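Subject: Structure handover

Hello,

Here is the structure I promised to pass on. Please have it open while you read my notes below.

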Amino acid sequence: MRPKRIGGVNPAIQLIMAVFLLVVGILMITAPESFIRWLFLIVSVGMAAFGFMSLISAVFGKNGTRLGSLISGILYIVISIVILTQKDFFQAAVSRIFSLLALVQAVTNLISGFLLYNDKVSGYIRKFFWGIVAFGFSVLLFFDPLGHIRAVELISGIYLIVFAVSMALECIDSFLETDYANKKVKPKISLALPIVFAAFIPSRALKYINDKLESGQMEKAKFSKPEDSYGKLEIFIHLKQGLIEGFGHCDFCFDGTVYSYGCYDQHSQKMGGSISGGTASLTKREPYIEHCMSYEEKMLVGFSLELGRDDYMNLKREIDRMLKQTEVWESDLQIAEKEGRPAEEQKKCNDPASELYRASGASFVKFIDGQYKTYFALGSNCVMFTYDIMKNAGLDSLAFSGAITPGTYMAHLQDLYEMKNTIVTDMHVYSYGKTKN
């Protein structure tokens, strides 16, 4: 029997959640006013109940905890009253949150469109169009939040219904153990989590794994070598605590080589490294994992995929096609060695690319054409690179709808793994032990 999802839930409980979300989504579309009224009432009553329980603890609890319980109790009750009496305020706040999310989406699309236009890559018109639409929606919601609350309710309701149906179908597939591996049936395309939630998946997974390592329920530094067959693909999700690192990183290993796209060229970085020349490293699997664990102090979750001969050859051709858009690029350390600089000067080359080369002998390429000529953290990034290669190679089961982030990709790969009869055959955690969180 396969292990549970990292930090996840039982399929039966997930099915109940899907039914609940479906009902909520339908109510938000068909009876939004009644639903919102009951929602505020339930939340208010719940907060009041927590408040009264805290006040009881303040009266009968231990001396050291009474003051804290008293403050918590009063705070819960005040919040309960505010929620019950200030419905318009909270609805306006929700609309403005949607406005900010739309603004982020608008900025992302507009920057992506500009970068595609600058790199002479098709698709920039579509990015500009959706960027302008998202910006207009953001402005309307921000300056007239209550006047457009119905739009928020409709969008939320539709999303919840589609997401609930996606969850339910995955649960049913899990119970039926549908055989996707024989290529006669393909997994249903799943809907990804909203980006605002998906962004926190890597951090939550890191905490969950750390707890398991600390309690001895999970092995440390588990290296599994793929069998000598056509099944030589592994997708890695990198986990590390931090403001930027917390969003995770994604790369993949094929035929013993890890392909990792990112902003290795520190000399072309802009906006704190969120934009730079698009570069990729090619590294042998074992030294790459070792470097990530020891030097970068990361934890890696690896998903092994079993490929048939056709999938293997298609993926090989897609990687070769992608590499034809590149030229050889060298890190500062490689340049210093080539120029015969003193050892002391070579030691000062401590940028990420140089450190990876020093530890593993990695080689690097820089994109001179195509979508990945420019790296953009919110657009042409590491996970999009991996996702596009897999999708273009015809691995349809790895495709899903929604925002593509390390968090959503990790969730989707775990979904496929838990369905059992898919090409995702194994999952391993690579770590020396507890990683800071």
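This is a predicted model: local features need pLDDT of at least 70, side-chain atom pairs count only at pLDDT 80 or more; totals for chains, interfaces and linings use all residues.

Two strands are said to pair if DSSP finds at least two bridges between them; helices (H or I, at least four residues) and strands (E, at least two) are DSSP runs, numbered from the N terminus.

Residues are numbered from 1 along each chain as its sequence is written, and side-chain values use heavy atoms, with hydrogens and water left out.

Back to β7, which covers residues 299–305. On one side, β12 (residues 424–430) runs antiparallel to β7, joined by six bridges. Strand β2 (residues 233–239) also pairs with β7 in the antiparallel sense, over seven bridges, and there Leu-239 stands opposite Met-299.

In a regular strand the side chains alternate between the two faces of the sheet. In β7, Met-299, Val-301, Phe-303 and Leu-305 lie on one side and Leu-300, Gly-302 and Ser-304 on the other, and all are buried (under 20% relative accessible area with a 1.4 Å probe, protein chains only; exposed is over 50%, partly exposed in between).

Phe-252 is in contact (heavy atoms within 4.5 Å) with residues including Leu-233, Tyr-259, Phe-385 and Met-390, leaving aside neighbours within four places in sequence.

Which residues line the second largest cavity? Phe-252 is one of them, and Tyr-259, Ile-319 and Ile-389 are also among them. A cavity here is a set of points on a 1 Å grid over the protein atoms alone where a 1.4 Å probe fits but cannot get out; lining residues have an atom within 4 Å of a point. The second largest cavity has a volume of about 50 Å³, the volume being the space filled by probe spheres set on the points, which are joined across faces, edges and corners. Helix α10 supplies the largest share of its lining, three residues.

Best wishes

Technical notes:
On a 1 Å grid over the protein atoms alone, a cavity is a set of points where a 1.4 Å probe fits but cannot get out, and a pocket is an open set with protein on both sides within 12 Å along at least five of seven lines; lining residues have an atom within 4 Å of a point.
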